[in-house]
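Take a walk through this protein chain, one stop at a time. Keep the model in view as you read.

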Amino acid sequence: MVESATMLLFFSHMISLAVQKDVDPSTLLGHLQPLGLQGPKHPVDELTEFPDPETFYRRYSRNAKPLLIKGAAKKSPAFSLWTDDYFLNREESPTVEVEVEFGKKENRSGGTSAYTMRRFVETYKTSDVYMVSSVPGYVR
């Protein structure tokens, strides 16, 4: 909540400065820098193992405190299981449809198209297509 209020104040301030014609934008804090770079820095706990559920809830979730679990994705069974061959060889792959977009995410004007999971897996490495739907239920 505090971060949202801070961002709202920041954007309000920037808008008020933008309407002033005599302000040189290059003198403004954070000009041409990534959003949030000029803000306060907060420490983030780093772990290499998942904490037990009670600890995770008590220390992080309940307090909205960020946590980085290094290597967490590699510990998921999906990391080694979900290969292109795995998706292509599933019997559902030729019939289950997923939503895809073409081009970069920043250009959302093209809408989405339906591809079968098989077609998506066969083409995503060689064409500018991105799956934007949830992972199909048969692989969860």
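**A guided walk through the fold**

Begin at Ser-133, in the segment after strand S5, which spans 129–131. Remember that this model is predicted. Ser-133 is partly exposed, with a relative accessible area of 25%. Leaving out residues up to four places away in sequence, Ser-133 touches Val-98 and Glu-99. The side chain of Ser-133 reaches the backbone nitrogen of Glu-99 at 3.1 Å. Now look towards Ala-114. Ser-133 and Ala-114 are 19 residues apart in sequence, and their C-alpha atoms are 9.8 Å apart in space.

Val-98 leads us to the next stop. It belongs to the largest nonpolar core, which has 12 residues. Among them are Phe-87, Val-100, Phe-120 and Tyr-138. Helix H5 (84–89), strand S3 (97–102) and helix H6 (117–123) each supply at least two residues of this core. Pick out Phe-120. Apart from neighbours within four places in sequence, Phe-120 is in contact with Val-98, Val-100, Tyr-115, Val-129, Tyr-130 and Met-131.

Next comes Ser-93, in the loop between H5 and S3. Is Ser-93 buried or exposed? Its relative accessible area is 0%, so Ser-93 is buried. Beyond its neighbours within four places in sequence, Ser-93 is in contact with several residues, including Phe-87, Leu-88, Met-117 and Tyr-138.

Thr-55 sits in helix H2, residues 53–61. Thr-55 counts as buried because its relative accessibility is 12%, and the cut-off for buried is under 20%. The side chains of Thr-55 and Asp-52 are joined by a polar contact of 2.7 Å.

Now turn to charge. Side chains of opposite charge can pair when their charged atoms come close. How many salt bridges does the structure hold? There are five. In one of these, the side chains of Lys-70 and Glu-46 meet at 3.3 Å, N to O. Lys-70 lies in the loop between strand S2 (67–69) and helix H3 (72–75), and Glu-46 in strand S1, so the pair ties together parts that are 24 residues apart in sequence.

Another salt bridge joins the side chains of Lys-75 and Glu-49 at 3.1 Å, N to O. Lys-75 is in helix H3 and Glu-49 in the loop between S1 and H2, so this pair ties together parts 26 residues apart in sequence.

Finish with Lys-125 and Asp-84, whose side chains form a salt bridge at 3.2 Å, N to O. This pair links distant parts of the chain, 41 residues apart: Lys-125 in the loop between H6 and S5, Asp-84 in helix H5. Lys-125 counts as exposed, at 63% relative accessibility, whereas Asp-84 is partly exposed at 21%.

Definitions and conventions
Residues numbered from 1 in each chain as written. Predicted model: local features only at pLDDT ≥ 70, side-chain atom pairs only at ≥ 80, totals over all residues. Heavy atoms only, no water. Helix = DSSP H or I, 4+ residues; strand = E, 2+ residues; numbered from the N terminus. Buried < 20%, exposed > 50% of the residue type's maximum accessible area, 1.4 Å probe, protein only. Contact = heavy atoms within 4.5 Å. Polar contact = N/O pair within 3.5 Å; in protein donor to acceptor, adjacent residues only side chain to side chain. Core = buried A, V, L, I, M, F, W, Y, C linked by side-chain atoms within 4.5 Å. Salt bridge = Lys/Arg side-chain N within 4 Å of Asp/Glu carboxyl O.
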